[in-house]
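Subject: Handing over the structure

Dear colleague,

I am passing the structure on to you with this email, and below it you will find notes on what turned up when I went through it. Please keep the structure open while you read.

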Amino acid sequence: MVELIPHGVYLLDGRTVAEKANVTPDEARENTIAYQILRAHDVDGSKGKKLRIRFDAMVSHDITYVGIIQTARASGLEKFPLPYAMTNCHNSLCAVGGTINEDDHVFGLSAAKKYGGIYVPANQAVIHQYAREALTACGNMILGSDSHTRYGSLGNMGVGEGGGELVKQLLKNTWDINAPEVVLVWLEGKPRHGIGPHDVAISLVKAVFESGFVKNKVLEFAGPGVKELPIDFRNGIDVMTTETTCLSSIWITDEEVKNYFEMHGRPEAFKELKPGDVAYYDSMIRIDLSTQESMIALPYHPSNAVSIHELQANPEKILKAIEEDTIKRFGEKVHPDLLSKIRGGKVYADQGIIAGCSGGTYDNLSEAATILKGKSIGNDYFTMSAYPQSTPVYLATTRNHIAEELLEAGVVIKPAFCGPCFGAGDVPSNNGLSIRHTTRNFPNREGSKPGQGQISMVALMDARSIAATAANGGVITAATDIEYEDTHKPYSFDGHIYEKRIYNGYGKADLNVELRYGPNIKDWPKMYPMEENMLVELAAVIHDPVTTTDELIPSGETSSYRSNPLKLSEFALSRRVPEYVGRSKRIQADDLARREGKVTPEMAAALKAVGASAKNTSFGSCVFANKPGDGSAREQAASCQKVLGGDANICYEYATKRYRSNCINWGIVPFTIGPDTPFEYEVGDYVFVPGIRKAILEGLEEIDACVITKAGAVKPIHLYFQNLTAVERQILSDGCLMNYYKNRK
């Protein structure tokens, strides 16, 4: 169904794939849709190997926009220079923390009025659906502080990054990247009845994630299969490309896309996008849509996937492996019991969720309602919720009897909210198995707390199969196994609700407006510039194959503290290395004492072992992980380390560019070590990096350092810090992005 072609190919006239052509790869790569768009947004216009991009619009939600605006204000923000939409789809629940969630929303509205932004009130739309409806345009680029910023199916390249990169755009600076490779995703055939976008997306992620086949590359979708997919189907695949670790995505555009923009009252946003006569792609993925099976992505990653038929054919072996993986990850505090989900030889689910930017589409809800019409989800333990992704979608489901049919079947319908995607809504019971058409099923994304003995698990499935499961008494069921016919009316967008509720202040900045602060909204603490030498103590050592952003800074209940850097930092690594915060605070206190001339005996011994002085050697904490940063773009994964005195990360590779960029923007040096270098050091060992400031400012990319073990041994280690731009080097030496801008006012 998914075939990977690891070598370069040419696409001729948008129709024929060939291995040779009469132009060079570098020349023909310029004819890809991706390069047509990237070059148009490169402020240098040099067609070189480095790109400096300015975006057409930006989006943030209420977990990230307060910190972004606070950082930008501290860096000299005057007004928003481009359309910037702030949605309120993450901190929409106000049951935790008193007034602080709504205080963030009021702050956001006041910022939109002051600086000229767009404010989308709570429950009006999830971030990416609003961007699709109101901000996308063919040939444009949108930057978002959420990893699932993907609008390629509408001809608009989307990029998810940490808040620091949005701050740069607000200050009229650029997003700097190496010119990326482009991967052709060639779609053929037509999906069978019952197959949905999540089935295709899960298969794609399964095929490419582990090998890193598309990491930091652009996926370009083309082929005869594109025309077989409705817009909601395309959007559902496209938003999940984030889970492949690609940089961005783009699709050819056609009449379907034209009709989309016309329906949304923006016909001028459409233009035809297609590759040039001869376009070169660095590799290729061929997907035969006609052979797609109904899929299930098992805990704890969207790539851990099998077909639903495979699961039901061999449930004990598959679920036993997940139980063993769970204990390996979380230890004996948790007691997973997935085998109890097997009854009569079949696997049962406890909960079904259709939600968010991937799940809550009109087409998904329409087909789910059709499958459930006249049936019942039952009055036993199985529960089900559906979240239309925007008020226009919700309105259409009510007008066309979709909401009515879901409600009659026992499904609870809730307003637009991203909570089920990150653990702030519909948290399952302990040992619950939730099947979800949402974006991720990472550990604890559903809201459980293994440190307190809680464990529940999420499997990703398409909305059609979730509905089929609900109609079948909770037995996990492929939608291809049932007969149904969707006779609901096609979607029709009605934007009157937006006109009545959304504040659109772009181009209307009023600097006389006072920002409205709640007691939880705090400024960033002081951060120090880099010193001549660096001494870091290992505060966490993680040898898991991949460490997700959610493990670095948990989602869910921490969301209420996103506007308070000190309080939020208390949650850093809390679900993976609970001791990290206490260790980092102690290290930070020791550094503050050093700055006052008081050096602890342990620090003094380490410095003596390498012949260094405390006067020109900083002291901070360090995290080692094999491959950190998979998942969310949330900059707090790095900023919390910095707030606690973190100075460096060491790893073999960074899972995503966005996490590495977050580290840089918060003054955390992103060290790597060679792939064959064993890292046998422990928490409490020191790493000393002599002359690091000079090395970074002079453009070096590697340095000899040493490890001082707790036993006093000194061992060499070679560290790399490659592919840093001149600006990024200055940011690191200044201590963080805010310091960089302050120093240049």
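Where in the structure do R595 and D591 sit, and how many residues apart are they? Both belong to helix α21, where they are 4 residues apart, which means that about one helical turn separates them. Please bear in mind throughout that this is a predicted model.

Salt bridges

The side chains of R595 and D591 meet in a salt bridge, with 2.9 Å from N to O. D591 is buried, with a relative accessible area of 7%, whereas R595 is partly exposed, at 32%. D591 also meets the side chain of R594 in a salt bridge, again given as 2.9 Å from N to O. R594 and D591 are 3 residues apart in helix α21, which spans residues 580–595, so these two are likewise separated by about one helical turn. R594 and D591 are both buried. As a general point, side chains of opposite charge can pair when their charged atoms come close.

In total, the structure holds 36 salt bridges. One of them joins K657 to E161, with the closest N and O atoms 2.5 Å apart. This pair links distant parts of the chain, since K657 lies in helix α24 (residues 657–665) and E161 in the loop between β9 (157–160) and α6 (163–170), 496 residues apart. K657 counts as buried because its relative accessible area is 19%, and buried means under 20%; E161 is buried too, with a value of 1%.

Three strands form an open, antiparallel sheet in the order β3-β2-β14. Its edge strands are β3 (16–18) and β14 (278–281), each of which pairs on one side only. Neighbouring strands of this sheet are turned by 30° against each other on average, with direction ignored. Strand β2 (residues 9–12) is joined to β3 by 3 bridges, and L11 has V17 in β3 as its bridge partner.

Cavities

A search of the whole structure finds 7 cavities of 30 Å³ or more, and the largest cavity holds about 180 Å³ of space. Its lining is made up of 18 residues, of which H90, D146, H148, C421 and R445 lie nearest the centre. The elements that give two or more residues to this lining are α5 (127–134) and α16 (419–422). By class, the lining has 6 nonpolar, 8 polar and 4 charged residues.

With best wishes

Note on methods:
Residues numbered from 1 in each chain as written. Predicted model: local features only at pLDDT ≥ 70, side-chain atom pairs only at ≥ 80, totals over all residues. Heavy atoms only, no water. 1 Å grid on protein atoms, 1.4 Å probe; cavity = no way out; pocket = protein on both sides within 12 Å on 5 of 7 lines; lining within 4 Å. Points joined across faces, edges and corners; volume = space filled by probe spheres on them. Nonpolar A, V, L, I, M, F, W, Y, C, P; charged D, E, K, R; others polar. Pairing = 2+ DSSP bridges. Axes fitted to C-alpha atoms, helices over the stretch in contact; angles between N-to-C directions. Salt bridge = Lys/Arg side-chain N within 4 Å of Asp/Glu carboxyl O. Buried < 20%, exposed > 50% of the residue type's maximum accessible area, 1.4 Å probe, protein only.
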